[in-house]
2 protein chains.
Amino acid sequence: MTEKPFQDYYPDHMAQCYGCGRLNEHGYQIKSVWDKDKPGESVAYFTPQAHHTAIPGYVYGGLLASLIDCHGTGTAAAAAYRAAGRPMDSEPALRFLTGSLHVEYLKPTPLGPTLEIRGRVKEIKGRKIVIEEWILADGVITVRGEVVAVQVPDRLVRELLESVGK
Amino acid sequence: MTEKPFQDYYPDHMAQCYGCGRLNEHGYQIKSVWDKDKPGESVAYFTPQAHHTAIPGYVYGGLLASLIDCHGTGTAAAAAYRAAGRPMDSEPALRFLTGSLHVEYLKPTPLGPTLEIRGRVKEIKGRKIVIEEWILADGVITVRGEVVAVQVPDRLVRELLESVGK
């Protein structure tokens, strides 16, 4: 049985994200799961398209930042449920938004191979979960990143949506 | 006379970028200029599309990171030419790639208004130029960011291109 990705547990109003929303048909639809072979590590795979270029032949840094972002918030949500010993579809919902994002471009990332985005919890402090991440192309780490994901009460998410008439 | 944007000075092999390349028809084509009314500040404007969403009604963080990225490297290049007292189309070429990127999401950025991306030089240290930036929506700062842009000799850029057959 294939494990259900973290992002596929998101309710509809959290599933429109350009990076990871299963309902955004124009977006990247990143899918993250726990790596069964490496306890504590999450993994996602993504194959950039030809136009996702920086200089020709190399992946655009903004896309790499996006992968770090959405794999990070997904991993944070999954980690929060896991820390609470609860399945991801249980209530009350644990929602996370990106508080900050840091990306180090260690070397140019070749455009072509499927990228492997990996993450693990670095720290849990109150409502914030820090996820450290790295991206591999052909088995070589080209990017390191960190996301501070902030837990947002579902009530606040709904207030945000109402404030823009959604 | 309208000022020519920094990115429109990039040679063809630096103009394919998904974020700011004038030759990438699928990309964002960000255009940055010095703000004549605020000395030392660069500015770019960008209107996200409907699918560039985080939660409905708000702009996707990965796009905001991309705007910080490309406005930052553009500002770094322009600042380097300015520091050398040279026009941007003069030789030898000054090329910059992103070394690291940091983004703080201060509050959700509403989806709809044209965003204003502003930047200025924070520090020049050797081949690295640190650009601090901020993004405004309806006049309110929603994002702060920082890019460390690294000057790369054109010879190295060409070696990278040759290594992937471009």
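Because the model is predicted, local features are given where pLDDT is at least 70 and side-chain atom pairs count only at pLDDT 80 or more, whereas totals for chains, interfaces and linings use all residues, and side-chain values rest on heavy atoms, with hydrogens and water left out. Residues are numbered from 1 along each chain as its sequence is written, and chains are lettered from A and ligands numbered from 1 in the order in which they are written. The pLDDT, which is the predictor's confidence in each residue on a scale from 0 to 100, averages 95 in chain A, where 99% of the residues score at least 70. For the complex, the predictor gives an ipTM of 0.95 and a pTM of 0.96.

Helices (H or I, at least four residues) and strands (E, at least two) are taken as DSSP runs and numbered from the N terminus, and two strands are said to pair if DSSP finds at least two bridges between them. On this basis, 12 strands form an open sheet with antiparallel pairing, in the order E1(A)-E2(A)-E4(A)-E5(A)-E6(A)-E3(A)-E3(B)-E6(B)-E5(B)-E4(B)-E2(B)-E1(B). Strand E1 (32-34) of chain A and strand E1 (32-34) of chain B are the edge strands, each of which pairs on one side only. From one strand to the next the twist averages 25 degrees, where axes are lines fitted to C-alpha atoms, for helices over the stretch in contact, and angles run from 0 to 180 degrees between N-to-C directions. Strands of a sheet pair through backbone hydrogen bonds, in either a parallel or an antiparallel sense.

The two chains are joined within this sheet by five bridges between strand E3 (residues 95-105) of chain A and strand E3 (residues 95-105) of chain B, which run antiparallel; one of the residues involved, A:Leu101, has B:Val103 as its bridge partner in E3(B). Within chain A, E3(A) pairs with E6(A) over 10 bridges in the antiparallel sense, and here A:Thr98 has A:Ala149 of E6(A) as its bridge partner. E6(A) is also joined to E5(A) by 10 bridges, again with the strands antiparallel, and A:Glu132 has its bridge partner in A:Glu146 of E6(A). E5(A) and E6(A) form a hairpin with two residues between them, and A:Asp138 in the turn has a positive phi of about 55 degrees. Helix H1 (residues 61-83) of chain A lies across several strands, including E3 of chain A and E3 of chain B, and runs at about 135 degrees to E3(A).

Within chain A, A:Asp12 and A:Arg22 form a salt bridge through their side chains (3.0 Å, N to O); both residues lie in the segment before E1 of chain A, so the pair ties together parts that are 10 residues apart in sequence.

Most residues other than glycine have a negative phi, and most peptide bonds are trans. The peptide bond from A:Glu91 to A:Pro92, however, is cis, with omega near 0 degrees, and A:Pro92 is found in the loop between H1 and E3 of chain A. In chain B, a cis peptide bond joins B:Glu91 and B:Pro92, with omega about 0 degrees. B:Gln29, in the segment before E1 of chain B, has a positive phi near 50 degrees.

Terms used: Contact means heavy atoms within 4.5 Å. A salt bridge is a side-chain nitrogen of Lys or Arg within 4 Å of a carboxyl oxygen of Asp or Glu.
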